[in-house]
Amino acid sequence: MTDEQTQPAGEVGLFIYGIVPSDVEPTPDAEGVGNPPGEVTAVPHGDLAALVSEVGLEEPMGRPADLTAYQTLLDGTAAVAPVLPVRFGTVVTGPDAVEDLLAAHHDRFAAALDEFEDRMQYTVHGRFDEEETISDFLAENAAAAALADQVRGRPEAETREQRIRLGEMISQGVELRREAENRALIDALTPHAVAHAPRPPSSELDAMNVAFLVATDDEEDFVRAVEDFAEQRRDLIRMRLLGPLAPYDLVSAHQLVE
């Protein structure tokens, strides 16, 4: 594979979105990355195909519109067929390079597509309510509560060291609570999911961030379980359910190549 930044200016390459079964064709209105958006086509090889579009190699990638186009295409494809996402920004020189990729990893890609048939990713993300979380932590930790009393109403310059220690204690407490909430979430949802993959926190107040692979027959039970879990924590955690999505966190063609 060749990153677009390494190509000479003025040339055109193929942006690869994902690997699909060979009988999958993009819809005529599918739009790719770039400005203007490129036409999405399929490059087949054996039982596989790669969804691609032409891009100018001198054109900058990573605009919000490009990321949206990438995700929209893959999520829409995953709704009707298994797809292995390829890392955003992967660009090759042309159809021959795409076919070489498919040929070199044909069996691994085919096996992964079979595994992801009728399965979708859902991502569960939660964020602690800051005020409630700190209040709960201070109620449970006498040392931290004492520090909070020491700094309350006093100038920051006089209480700098105490404030730093208090901040560290609160941060550690949130981290421990995050680990516990992630474990509880995984335990609650595992009966309704095929697999899961913890994701890194997106903020210091993240309570949970986990991707789940869910069979289409189990989607209703999975969503219901998420709603029950969220209801039990509604005073402390604001939760979001994202999906159905392509299996970005569960597998990718790039991971299979590596």
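Predicted model: local features only at pLDDT ≥ 70, side-chain atom pairs only at ≥ 80, totals over all residues.

Colleague: How many salt bridges does a search of the whole structure find?

Modeller: A salt bridge here is a side-chain nitrogen of Lys or Arg within 4 Å of a carboxyl oxygen of Asp or Glu. Searching the whole structure by that rule gives a total of 9.

Colleague: Is aspartate 66 buried or exposed?

Modeller: Buried means under 20% relative accessible area, exposed over 50%, and partly exposed in between (1.4 Å probe, protein chains only). Aspartate 66 pairs with arginine 63, their closest N and O atoms 2.9 Å apart. Arginine 63 is partly exposed at 30%. Aspartate 66 has a relative accessible area of 0%, so this residue is buried.

Colleague: How many residues apart in sequence are the parts that arginine 199 and aspartate 249 tie together?

Modeller: Their side chains form a salt bridge at 3.0 Å, N to O. Arginine 199 sits in the loop between strand 8 (195-198) and strand 9 (206-215), and aspartate 249 in the loop between strand 10 (237-245) and helix 8 (253-257), so the parts joined are separated in sequence by 50 residues. Helices (H or I, at least four residues) and strands (E, at least two) are DSSP runs, numbered from the N terminus.

Colleague: In which helix is the place of glutamate 181?

Modeller: Glutamate 181 belongs to a salt-bridge network with Arg177 and Arg233. At 5% relative accessibility, glutamate 181 is buried. Its place is within residues 160-189, which is helix 6.

Colleague: Which element gives the largest share of the lining of the second largest pocket?

Modeller: On a 1 Å grid over the protein atoms alone, a pocket is an open set of points where a 1.4 Å probe fits, with protein on both sides within 12 Å along at least five of seven lines; lining residues have an atom within 4 Å of a point. The lining of the second largest pocket includes Glu130, Gly167, Arg178 and Leu205. Two elements give two or more residues to this lining, helix 4 (130-140) and helix 6. The largest share, 6 residues, comes from helix 6.

Methods: Residues numbered from 1 in each chain as written. Heavy atoms only, no water.
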